[in-house]
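I opened my notebook to get to know a structure that was new to me. Here is what I looked up, entry by entry.

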Amino acid sequence: MPPCLPPLLPHALACALLVSASVWAQEPADVPPAADTDAKLQLSTYVLGVRWSVPDLTKPTEANKLRPTLGFRYGRWRIGSSSDADRWLALSGSRRDSGLAYELTDSERISTSLSLRVHNITVGESTATLDKGRHTLRGRAQLGYQITPHWSAALELTHDLLDRGDGITLGVGLSRGFALDERSLLTLSSGLTWGSATHWRTANADQASGSSLSSGWGSVGLGAGYRYAITPAWAWYANVGSARAVGQVVEVRGSGWTSFGQAGLLYFGKF
């Protein structure tokens, strides 16, 4: 794995951004749930934008990446980033690109989805699909639960469907949203990642003792995000996060923290 991208970073993203799939803002009380669901099934939306990512904030001029942001949604199906502008401020954090996703449920308190994406095992980031390295097809199941209007929790299960070394991961997350005004939102989040032996051994293959790792908890992450709706169609966001190894992975990777950040500009549209 390239030294400019610590192996722990992908798990930091999984922790700090996992909670982004859960919705903490309540739906308007005057909209009947059935009517709201029917409207979503008939909605087609898209998002276009650009994202700047810095894998290591201690070296902001090295390995930073400028990438496009694309997303399309038709009813319960979604490809790429979340493209629902009407609910963008109600999403706690910045939802990760998830390839092809199908929304099973999206009620006032609970959201569940299934998704597939091409995953770069060498680099670890879902946004690095086109980079050189070993790739696989990763399946993911997500559950988001609104505890209160401001607190939300999330659960995510991933599996390497082609059995190329990514193994299985389970992530749990908790986030708190602060609505600063009608246009802006600040979120704080935390998460913990469990991985199978195959997953941790592959993620730490560059370390001599990495082959001895077994299944267990291996990474904890903290994150903060800010988003601002410039107009109903234009918006920008910024996220920072930090993570460190826990449990047995500390013996291989050490207990130091790694940090990362990203910022983006988005345009939302409807068909």
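**Entry 1: a loop residue.** I started with Asp181, which sits in the loop that links β8 (168–179) to β9 (184–195). I kept in mind that this is a predicted model. Is Asp181 buried, partly exposed or exposed? Its relative accessibility is 43%, so Asp181 counts as partly exposed, because that class runs between 20% and 50%.

Next I looked at what the side chain of Asp181 reaches. One of its polar atoms lies 2.7 Å from the backbone nitrogen of Arg183. The side chain of Asp181 also reaches the backbone nitrogen of Ser184, at 2.9 Å.

I then checked a residue farther along the chain. Asp181 and Tyr228 are 47 residues apart in sequence, and 9.5 Å separates their C-alpha atoms.

**Entry 2: a glycine in a strand.** I moved on to Gly264, which has its place in strand β12. With a relative accessibility of 9%, Gly264 counts as buried, because the cut-off for buried is under 20%.

Which residues does Gly264 touch, if I leave out those up to four places away in sequence? I noted Val50, Arg51, Ala235, Trp236 and Tyr237.

**Entry 3: the cores.** Which residues form the largest nonpolar core? I wrote down six names: Val47, Trp88, Ala235, Tyr237, Leu266 and Phe268. The elements giving two or more residues to this core are β11 (234–245) and β12 (258–270). There is a second, separate core of 5 residues, and among them are Trp200, Ala245, Val249 and Val252. A background note for myself: in soluble globular proteins, nonpolar side chains tend to be buried together.

I took a closer look at Phe268. Setting aside neighbours within four places in sequence, Phe268 is in contact with Tyr46, Val47, Ser82, Ser83, Asp84, Ala85, Trp88, Ala233 and Ala235.

**Entry 4: the whole chain.** Last, I stepped back. How many helices and strands are there in the chain? I found 4 helices and 12 strands. The chain has 271 residues, and 49% of them count as buried.

I looked up the contacts too. Among those with a separation of 6 or more, 59% join residues 24 or more positions apart. The chain exposes about 12600 Å², and carbon and sulfur atoms supply 64% of that area.

Conventions. Residues are numbered from 1 along each chain as its sequence is written. This is a predicted model: local features need pLDDT of at least 70, side-chain atom pairs count only at pLDDT 80 or more; totals for chains, interfaces and linings use all residues. Side-chain values use heavy atoms; hydrogens and water are left out. A nonpolar core is a set of buried Ala, Val, Leu, Ile, Met, Phe, Trp, Tyr and Cys residues joined through side-chain atoms within 4.5 Å. Buried means under 20% relative accessible area, exposed over 50%, partly exposed in between (1.4 Å probe, protein chains only). Contact means heavy atoms within 4.5 Å. Accessible areas come from the Shrake-Rupley method with a 1.4 Å probe; for residues, only the protein chains shown count as cover. A polar contact is a pair of N or O atoms within 3.5 Å; within protein, one must be able to donate a hydrogen and the other to accept it, and residues adjacent in sequence count only if both atoms are side-chain atoms.
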